[in-house]
Amino acid sequence: MTVIGAAGRLYIDGAWRGGQGAMRDVVNPATGKVVTTVPDATPAEVDAAVDAARRAFDSGAWSGLSGRERSRVLYRAAALIQEHAEELAQLETTDTGKPIQFSRMVDVGNTVTHFEYYAGLAYSIDGATRQTGMPALAYTVREPIGVVAAVTPFNFPMILSTSKIAPALAAGNTVVHKPAEDTPLTALRIAELLTEAGLPPGVLNVVTGGGPVGESLVRHPGVDKVAFTGSTAVGRRIASAAAETLKPVTVELGGKSAQIVFADADLDAAGQAAVSGFVFNTGQFCMGGTRLLVQRPVYDEMVTRVVGGAVHVPVGDPLSPETVVGPMAGQRHLDKVRGYVELAASEGATIAAGGGRVDTLDGYYFAPTVITDVDQGSRLVQEEIFGPVVTVQPFDTEQEAIAMANGTSFGLAAGLHTRDVARAHRVAGKLKAGMVWVNTWGMLDVTVPFGGYKQSGYGREYGPEGLHEYTQTKSVLLPLT
Ligand SMILES: NC(=O)C1=CN([C@@H]2O[C@H](COP(=O)(O)OP(=O)(O)OC[C@H]3O[C@@H](n4cnc5c(N)ncnc54)[C@H](O)[C@@H]3O)[C@@H](O)[C@H]2O)C=CC1
Ligand SMILES: O=C(O)/C=C/C=C(\O)C(=O)O
C-alpha cells in the first residue's frame, strides 16, 4: 500500500510535505491493530495547504483552463482510480472495517462514477443570455468560487470526499481536503493519483488531523467555500464559523429516516428493504432506514421478518466476500451504539434481536439490533445512533404514519412501501425529507441530487445541483446603442 510508505506526511502543493504535528494512529477496526500513523497538521501546515491552493487558483493553471480541458484530467483520474480499484478497496476496508464487497462495488465504483460524471458536466458549465428591457446584450457566466475546504467523515471516506472534490475541480476551484481522523488513507492515495492524472500542483491538497485542524481550515481567511458532511452538532458549528466571514457552506448532516410499511405492501420486499436499510455500512449511513413504522395489521409479521433477517445477516471479517456487516469504525463509535441500547433497556423497550457486542469476534463488532415497544419521544427514536440498530413502531392511519415519520428534527431521507400508487405519491409529497424512496431503500445515483431538509443540512450533492454549489454567477451587460 503506497500510502503507508508515505506515512507521516501531508499532501501539499503536489508532493508529500510537512508532518511536524503530533502523530495519530490509524487503527484497523476489524483487528484493533495499528496500520500506520498520520500527523495532525499544524497551523503552519494548514496555512501552507491553503496558500498552495490559493496560488494554484490565482495562477489560472486550473481555473483558467476550459471546462473540456479540465474534463480530460478528471477522466484520466477516473481511469487511474479504476486501475487501482483493488488497492483502494483494500485500503478503504482496512481503514473503516467496511465489508470488501461494498468497498469494491459501492465505494470505489461510485468514486470512479463521480469523477466520470463531473468530467462530463465540466463541458457544460454554461451561463445564459437574457432578454432585457433595453437595447443591451446581457449574459451570465458561471465561475469557480476559489479555494474550497472539504471536511469529510469516516463512514464513506472516498465517496463523501469525491462528491465534493470532483464537482469542485470540474468547476475550476482548488481544494484543501481534511478527511476524518479515523480514516485518512484513501484521501491521501487519491490525491497522489490525481497528480498522476495531470492535476497541477496545489489544486488538491490533503491535511490530516482531528476537529481542531478542520476548524482552523474552515475559519481560514484564504478559504472561499466550505463543504462538510458529518454530525449535525459539528455542521452547526462549521456553518456558524463560516458565517463570520460569509463563506458559502454546504452541510450534509445526520438523519433518522423512517421507512413506512403499509398493510398492502409486498412484505417480502419490504422486509428485505427494512433489514438492508439499517444494516448497510454497519448502520453508519446518514440515510439509514433506522425507524421502521408498520401498519398495525402487519406489525407482528414485519417484526418477525426483520428479526429473522437481522439474526441471519453475515457478520464477520470485512475481508471475507460473504460479509455484510463488519465492525464499527472504532471504539468510540461502538461505545456510542452500546450506550443507546443500554438506554433502550432502561426505558423498558424490548430488544427483539441483537443488543450487544459480538463476543466471538475481536474488533469493534456490534450485532444487528431490533428494538420494539419504544415511544416516539424516546432518544432512541429522535437521535442518530449510527450503528446497526432499528426501532419498530406500529401505526394505524396514513396521517399518523406521516406525523411519526416527520416527527424528528431530521429530514434527510424517508420511504414507504405500498401497492397503492396514489397513496405512494400522496405520502411522498407529505414527507419532509430531501429523498423519498418508494418500495425500495437506499438507491442512490450520481445524477440524482440528495441533501437535507430541516436539521439534516442544506445544499445538495450529486447531480448538476452538486456542481452548482461550486460556481458563482456573474452577469455581464453591454449596451447596444
Ligand atoms: N451525516 C453523516 O453521514 C454522518 C453523521 N455522523 C454523526 O456524527 C456522529 C459522530 O461522528 P464523528 O466522526 O465524530 O463526526 P463529526 O461530525 O465529529 O466529524 C466529521 C468531520 O468533521 C471534523 N470536525 C470535527 N469537529 C470539527 C470542527 N469543530 N470544525 C471543523 N471540522 C470538525 C472531523 O475531524 C471529521 O473530519 C456519528 O456517530 C453520527 O451520528 C458522522 C459522520 C457522518
Ligand atoms: O453514495 C453512496 O453510496 C453513499 C453515500 C453516503 C452518505 O451520503 C452518508 O452516509 O453520508
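The domain assignment of this chain gives two parts, domain 1 (9-253 + 456-477) and domain 2 (258-445), where the bounds come from an automatic or database domain assignment. The structure is a predicted model, in which local features need pLDDT of at least 70 and side-chain atom pairs count only at pLDDT 80 or more, while totals for chains, interfaces and linings use all residues. Residues are numbered from 1 along each chain as its sequence is written, and chains are lettered from A and ligands numbered from 1 in the order in which they are written.

The centres of domain 1 and domain 2, taken over C-alpha atoms, are separated by 31 Å. Their contact takes 19 residues from domain 1 and 22 residues from domain 2, two residues being in contact if their C-beta atoms, placed from the backbone, lie within 7 Å. On the side of domain 1 that touches domain 2, the elements that give two or more residues are α4 (85-96) and α5, and α5 gives the most, with three residues. Such names refer to DSSP runs numbered from the N terminus, with helices (H or I) of at least four residues and strands (E) of at least two. The residues on this side of domain 1 divide into seven nonpolar, nine polar and three charged; here Ala, Val, Leu, Ile, Met, Phe, Trp, Tyr, Cys and Pro count as nonpolar, Asp, Glu, Lys and Arg as charged, and the others, Gly among them, as polar.

With the domains in mind, we can turn to the ligands. Where does ligand 1 lie in relation to domain 1 and domain 2? Both domains give residues to the shell around ligand 1, so this ligand lies between them. The shell holds 27 residues, of which the closest are Gly211, Gly214, Gly230, Ser231 and Cys286, and a residue is near a molecule if its C-beta atom, placed from the backbone, lies within 6 Å of it. The elements that give two or more residues to this shell are α8 (211-219), α9 (232-244) and α12 (331-346), and α8 gives the most, with four residues. By class, the shell around ligand 1 has ten nonpolar, ten polar and seven charged residues.

UniProt places the feature "active site" at Glu252, in an unreviewed entry; UniProt positions are given in the numbering used here, feature names are shortened, and annotations may be inferred rather than shown by experiment. Glutamate 252 lies in strand β11 (residues 249-252) and is buried, because 28 other C-beta atoms lie within 10 Å. A residue is called buried if 20 or more other C-beta atoms lie within 10 Å of its own, exposed if 12 or fewer, and partly exposed in between, with C-beta atoms placed from the backbone. Leaving aside neighbours within four places in sequence, glutamate 252 is in contact with Thr229, Cys286, Gly451, Gly452, Gly457 and Glu461.

Phenylalanine 262 sits in the loop between β12 (258-261) and α10 (267-279), and it counts as buried because it has 22 C-beta neighbours inside 10 Å. Phenylalanine 262 and leucine 293 are 31 residues apart in sequence and 8.5 Å apart in space, C-alpha to C-alpha. Proline 368 lies in another loop, between β14 (350-353) and β15 (369-372), and is also buried, with 27 other C-beta atoms within 10 Å.

Strands of a sheet pair through backbone hydrogen bonds, either parallel or antiparallel. Between β5 and strand β6 (residues 136-144) the antiparallel pairing runs over two bridges, and two strands pair if DSSP finds at least two bridges between them. Arginine 130 stands opposite alanine 138 in β6.
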